[in-house]
Amino acid sequence: VQLQASGGGLVQPGGSLRLSCAASGSISSVNVMGWYRQAPGKQRELVATLTWGVDTNYADSVKGRFTISRDNAKNTVALQMNSLKPEDTAVYYCNARLLPVGGYSLRDYWGQGTQVTVSS
């Protein structure tokens, strides 16, 4: 199983970016996909998660600005980030909790991380 993330970059405060993450490989079913971020000197924190067919969850700091959604492509999530602030600067990691083919329990998988920098 692999997670491929894309879409990071440099943007000015108030701007927008869209991150995308695709899970591929021997996947039986996906339970949750989401995004976490880690700023320099800080612990990794939850940004947003989407439980398949159920609901979404957001960090208080991004509510009303970020939207997580499931793309039409299978096992793909996108994070639309609007009204970006300098404090949103971090490496963003895609996460998937899923059942691999032949597995008996859910497992967590992580993408490689994509840099988001908000600066003027």
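Predicted model: local features only at pLDDT ≥ 70, side-chain atom pairs only at ≥ 80, totals over all residues.
## The disulfide

A disulfide is a covalent bond between the sulfur atoms of two cysteines. In this model the count comes to one disulfide, and it is formed by C21 and C94, whose sulfur atoms are 1.9 Å apart. C21 belongs to strand 3 (residues 17–24) while C94 belongs to strand 9 (residues 90–100), so the bond ties together parts of the structure that are 73 residues apart in sequence.

The geometry of the bond can be described as well: the torsion about the S-S bond of C21 and C94 is about -85°, and therefore the disulfide is left-handed.

## The aromatic pair

When the whole structure is searched, one aromatic pair is found. Its members are Y36 and W110, which are arranged edge-to-face, with 5.2 Å from centre to centre and 65° between the planes. Because Y36 lies in strand 4 (residues 27–38) and W110 lies in strand 10 (residues 107–110), this pair ties together parts that are 74 residues apart in sequence.

W110 has a relative accessible area of 39%, which means that this residue is counted as partly exposed, since that class covers the values between 20% and 50%.

## A charge over two rings

W110 also takes part in a contact with R44, whose charged end sits over the ring of W110 at 4.7 Å from its centre. The charged end of R44 sits over the ring of Y93 too, and here the distance from the ring centre is 3.8 Å.

Notes
Residues numbered from 1 in each chain as written. Heavy atoms only, no water. Disulfide = S-S within 2.5 Å. Helix = DSSP H or I, 4+ residues; strand = E, 2+ residues; numbered from the N terminus. Phe/Tyr/Trp six-rings, centres within 6.5 Å; stacked < 30°, edge-to-face > 60°. Buried < 20%, exposed > 50% of the residue type's maximum accessible area, 1.4 Å probe, protein only. Lys NZ or Arg CZ within 6 Å of the ring centre and 35° of its normal.
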